[in-house]
Amino acid sequence: MSNTAHLSLNGKELELPLIEGSEQEVGIDISKLRAATGAVTVDVGFKNTGSTTSNITYLDGEAGVLRHRGYSIEDLAENASFLEVAYLLINGELPNAQEYADWDHQIRHHTLVNEDMENIFKAWPTGSHPMGQLTAMISSLSSFYPESLNPNQSEEDQHRTIRRLIAKMPTIVAMLHKKAAGHPVIYPQNKLDYVSNFLNMTFKNITEDYEIDPVYVEAMNKLLILHADHEQNCSASTVRIVGSSHANLYACISAGIAALWGPLHGGANQKVIEMLEAIKNDGGDAQKYIEKAKDKNDPFRLMGFGHRVYKNYDPRATIIKKSCDEILDKLGISDPVLEIAKQLEETALADPYFAERKLFPNVDFYSGIIYRAMGFPVEMFTVLFALGRLPGWISQWKEMRDQKQPIGRPRQIYTGPAARDWVPMEAR
Ligand SMILES: CC(C)(COP(=O)(O)OP(=O)(O)OC[C@H]1O[C@@H](n2cnc3c(N)ncnc32)[C@H](O)[C@@H]1OP(=O)(O)O)[C@@H](O)C(=O)NCCC(=O)NCCS
């Protein structure tokens, strides 16, 4: 293969170098385009645009492949702990036993949040969506740790900020859950591992003993791993672009959480359950909703279906679907919504509309059913996605800063009115 692409514009010939990735994917380097020709590229929604090179995650949407730092998502979900995957994403390699013990120890000893953070809850009206609260809580960490405002932190200080985020996020997420229920907050316990600690803070009631069910631990660990990173998606790109202005890491993660909230991104997991419930309450007719999803005059979309980059079954959805069956079975729960989900999937996959557009279930299609079986309220689903995605966002931010990438600032093609004269108010 040649290592340049050729562009012919207004009689000028330009050679554009090709960049080849470690999996042979090819990008055309247009960094000199505007200087050489005066033209820019336009790619609304970035459907063809690589915003960076990256060493973190490889995704082949046509083949349904997802790997972090070379390790397949299937291997990681089967064998790793979430903290191991977080270490891998952030540091580039799996930790050895000593590195893991140190990492785990450091995380366990940063889980407490400043008591003043509880005061923030007093300002929110009852029933506030926890994703809005989470953006504010994470951003507020910059007030509790003002040294994070320094964009040129030492490596040790940067690592401390990262550890604080990973350690405090489960505490904050559990606080959101407790506060929404009007229950007292349960404090973290250093003797517990990351996932058990989170489940204990979430589900233990202060008046009663709580036994952490290993089925829950396994399920939660797997779900967090499956959400840990997904290369340059909407929220990761947001984190990188906010970070490119040298905003502090807490602010960047808060921005990522805000991007994740939308129903076209992480907010889909809440919408899926609401959709499945609506179908159930409407008599359970999957075909009727498939027809609605196909009707261009109907705003209804099949939530949890379709993906910008997967044009094949999302490998995370394959793992979650299998887990969903196993976990409900182990917990002895029979959820009619799972049957509707399967029926909907089967009907959609057999329909040419979905086949032609290569629309398959994505990570959000079955995850909510597991969260619900574990006892999480539906508003918490996207918050759980954010908890899983945190190490991915941090690793994307860190890579961008380590590579000293410039501020993210896309161009545009202006299509508004040409220059015109000021019109006084009385003449308008
Ligand atoms: C994820 C998503 C935003 C990707 O969007 P995108 O890459 O911009 O793709 P498009 O919206 O252009 O979709 C391509 C075609 O498939 C259709 N389509 C995509 N997702 C669909 C869905 N969930 N239900 C019905 N039709 C869908 C579009 O209408 C479009 O049809 P057209 O070519 O006839 O106009 C989109 O698939 C979606 O909205 N899915 C539901 C929300 C969701 O589950 N999000 C979580 C993603 S992990």
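**Strand pairs, domains and a helix at their contact**

Trainee: Which residue in strand 3 is the bridge partner of glutamate 20?
Mentor: Happy to start there, and keep in mind that this model is predicted. Strand 2 runs antiparallel to strand 3 (residues 26-28), with three bridges between them. In strand 3, the residue that bridges to glutamate 20 is valine 26.

Trainee: Which residue takes a positive phi in the hairpin of strand 2 and strand 3?
Mentor: Look between the two strands, where the hairpin has five residues. The one with a positive phi, near 65°, is glutamine 24.

Trainee: And which residue in strand 2 stands opposite alanine 5?
Mentor: Strand 1 (residues 4-9) and strand 2 (residues 12-20) are antiparallel partners over six bridges. They make a hairpin with two residues between them, and asparagine 10 in that turn has a positive phi of about 50°. Across from alanine 5 you will find leucine 16.

Trainee: How far apart are the centres of domain 2 and domain 3?
Mentor: The chain is divided into domain 1 (4-66), domain 2 (74-262 + 380-402) and domain 3 (268-374). Taken over C-alpha atoms, the centres of domain 2 and domain 3 are separated by 27 Å.

Trainee: Which element gives the largest share of the side of domain 2 that touches domain 3?
Mentor: The contact draws 13 residues from domain 2 and 16 residues from domain 3. On the domain 2 side, helix 2 (73-79), helix 9 (214-226) and helix 18 (381-402) each give two or more residues. The largest share, six residues, belongs to helix 9.

Trainee: Which elements do the buried residues of helix 9 pack against?
Mentor: Helix 9 has 13 residues and spans 18 Å from its first C-alpha to its last. Its buried residues include Tyr216, Ala219 and Met220. They pack against helix 2, helix 3 (82-91), helix 8 (194-203), helix 14 (315-331), helix 17 (364-374) and helix 18.

Trainee: Of the 17 residues around the ligand, which come nearest?
Mentor: By class, the shell has eight nonpolar, five polar and four charged residues. Those that come nearest to the ligand are Ala268, Arg301, Leu302, Gly306 and Arg308.

Notes
Residues numbered from 1 in each chain as written. Predicted model: local features only at pLDDT ≥ 70, side-chain atom pairs only at ≥ 80, totals over all residues. Domains from an automatic or database assignment. Contact = placed C-beta atoms within 7 Å. Helix = DSSP H or I, 4+ residues; strand = E, 2+ residues; numbered from the N terminus. Expected span 1.5 Å × (residues − 1). Buried ≥ 20, exposed ≤ 12 C-beta atoms within 10 Å, placed from the backbone. Near = placed C-beta within 6 Å. Nonpolar A, V, L, I, M, F, W, Y, C, P; charged D, E, K, R; others polar. Pairing = 2+ DSSP bridges.
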